[in-house]
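Please go through this report with the sequence and the model side by side. It takes up some neighbouring strands and then a pair of helices.

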Amino acid sequence: MQKTNYLCGNFWQKMGNISFTDSLFEYRRNKTIEVPVGEISIGGDAPIRIQSMTTTDTNDVESSVEQAIRIIEAGGEIVRLTTQGRVEAENIGKIREGVRKRGYTTPLVADVHFNPNAAIVAAANVEKVRINPGNYTGEQKKFDQDADKMTDEQWMSLIEEKLRPLIDVCKKNSTTLRIGVNHGSLSDRIMAKYGDTPQGMVASCIEYISALEKLDFRRIVISIKSSDTRVMVETVRLLSATMRQMGRSYPLHLGVTEAGSDTEGRIKSAAGIGALLVDGLGDTIRVSLTEAPEAEVPVAKKLVEYVASKKNHQTIEVCDASAYSPFEYRRRQSDAVDNVGGVNAPVIIANSKLADIQNVETDRYVRMSLSMLTEQKITELQLLKDRVIIAEAETTNPTAELRAFILKLSANTVKLPVVVSVRYADSDLDSFQLKASADTGLLFIDGLADGLMLINENLSADAIAETSLQILQATKVRYSKAEFISCPGCGRTLYNIQEATQRIKAVFGHLKGLKIAVMGCIVNGIGEMADADYGYVGAGPGKISLYRGKVLIKRALQEQDAINELVSLIKSDGRWIESKK
């Protein structure tokens, strides 16, 4: 039998729409293998696990124990700690002992970058170790020279050689390994072969899966993340499809990195993670917020519970999905009607001054549901040229239902613009925002919808319109204010990133369309802020470096001076406007 080269670039070009999920029209979790992590397991029939990560210095055992317990008591089922070197790897064993003495059996995870020795030590002290293929084999600048000279076989041998000592310890201690690929930290070799692409991220994963299997090790969990919801969703789907082709089904950990804080962080996380959960992908999740780590857990729990409630929903018609593009953004072609559809940014319909359209009770707007799309009705729609369809969800799985509605129009060459509409009854704004983001995010990440109409009689029209605008911004289809990419912080962060993020949002939030990254350190900093206009990155205790794109502009500024210096930089670039407040 000829061996398929899953690391070959043209492999994915031949994939077309190879399925990444069991069904586009029925919610059910995709089956993965069950991987033990301490006294719990991930994947298989286990529930979707909720996790978070401490922000304490791992050398501070007492503080780390206390924060880990706060995460656990909030409902966290897995706790991750940064592990920079051997000292931290040894301390994580003491932290585990402290957590156990307090009566908690929750598994701990060592988060390792760059340092294989730290991973080896940690593997004997905790239930799970996370490594990043982008920097595990060696620091990028060091192995760039060698990588260019190696064949694929030589490179794979090097990965196996680097992994073997760690895997020996993992086998001895029944330790699970997480392959954690980040958009912001791909190796130079992967970047040279694939660029900063979903294919490159998946190739990085597959290299390590192949090496681990050759070492006869399968206690594997995989994560593949980005701060860009579109990249994150497309990449996880591509990984799932690739594993299906390989006959593999390792559990998946989901998360949007550097999602931010407050409402924006919650909406962005729900849109990205929700787009995958509703299609049955994901066995464990983390909602990454620039807040106290225990604040992440209730958000993640609500999201998981809401998506799980869709099980056994009403039957949704199976439609022709040949026009669907799950691995690459491709906006549905529609004919513009006024400012809706065509090349126009998606609109907001709401009874609010923030909305683009407030009144749809005219002949221009046609309200329909999937059950109304009969053959006769489709024939009528094919003849119309000046109508906007408002597609109304009727089932408890509006994502699949509205996707099916739009795919059915595309299959029948109906090019009228479509505004998707979902009705809610939540009086709690946070719950409404989480549900609406999870339900509708996918429809904009995939370029299917031309507008959004959320209905909730228990909330104000302005709150609904603002939520709608934030969903469109989170899914990268329309920008109504500045965007902030901010990491949650960890033991590597040497300044108060939570306070800094709030100050930065207050100063720069009015700069519509500008993207600013607030990063705790350089581990993922340069890559994750690759498409940001400016970066504010921790460079040491109380020290900040400023970037324009990927270019370092100011190195190791005193933290108290950094925001003013960033204002000056933006002004010098001619991109500053005064706030109207």
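The sections below cover the basis of the model, then the strands, then the helix pair.

## Basis

This is a predicted model, in which local features need pLDDT of at least 70 and side-chain atom pairs count only at pLDDT 80 or more, while totals for chains, interfaces and linings use all residues. Residues are numbered from 1 along each chain as its sequence is written, and side-chain values use heavy atoms, with hydrogens and water left out.

Helices (H or I, at least four residues) and strands (E, at least two) are DSSP runs numbered from the N terminus. In strand E6 (residues 128-131), Lys128 and Arg130 point one way and Val129 and Ile131 the other, and all are buried, that is, under 20% relative accessible area with a 1.4 Å probe and protein chains only. In a regular strand the side chains alternate between the two faces of the sheet.

Strands pair if DSSP finds at least two bridges between them. Strand E5 (residues 108-112) runs parallel to E6 and is joined to it by 4 bridges, with Val112 opposite Ile131. E6 also pairs in the parallel sense with strand E7 (residues 176-182) over 4 bridges, where Thr176 is the bridge partner of Lys128.

## Helices H14 and H15

The axes of helix H14 (residues 398-411) and helix H15 (residues 429-445), lines fitted to C-alpha atoms over the stretch in contact, come within 8 Å and cross at roughly 30°. H14 is therefore roughly parallel to H15, a term for angles under 35 degrees. In contact (heavy atoms within 4.5 Å), Pro398, Thr399, Leu402 and Arg403 of H14 meet Ala438, Asp439, Leu442 and Leu443 of H15.

How values were computed. Buried means under 20% relative accessible area, exposed over 50%, partly exposed in between (1.4 Å probe, protein chains only). Axes are lines fitted to C-alpha atoms, for helices over the stretch in contact, and angles run from 0 to 180 degrees between N-to-C directions. Angles under 35 degrees count as roughly parallel, over 145 as roughly antiparallel, 65 to 115 as roughly perpendicular and the rest as oblique.
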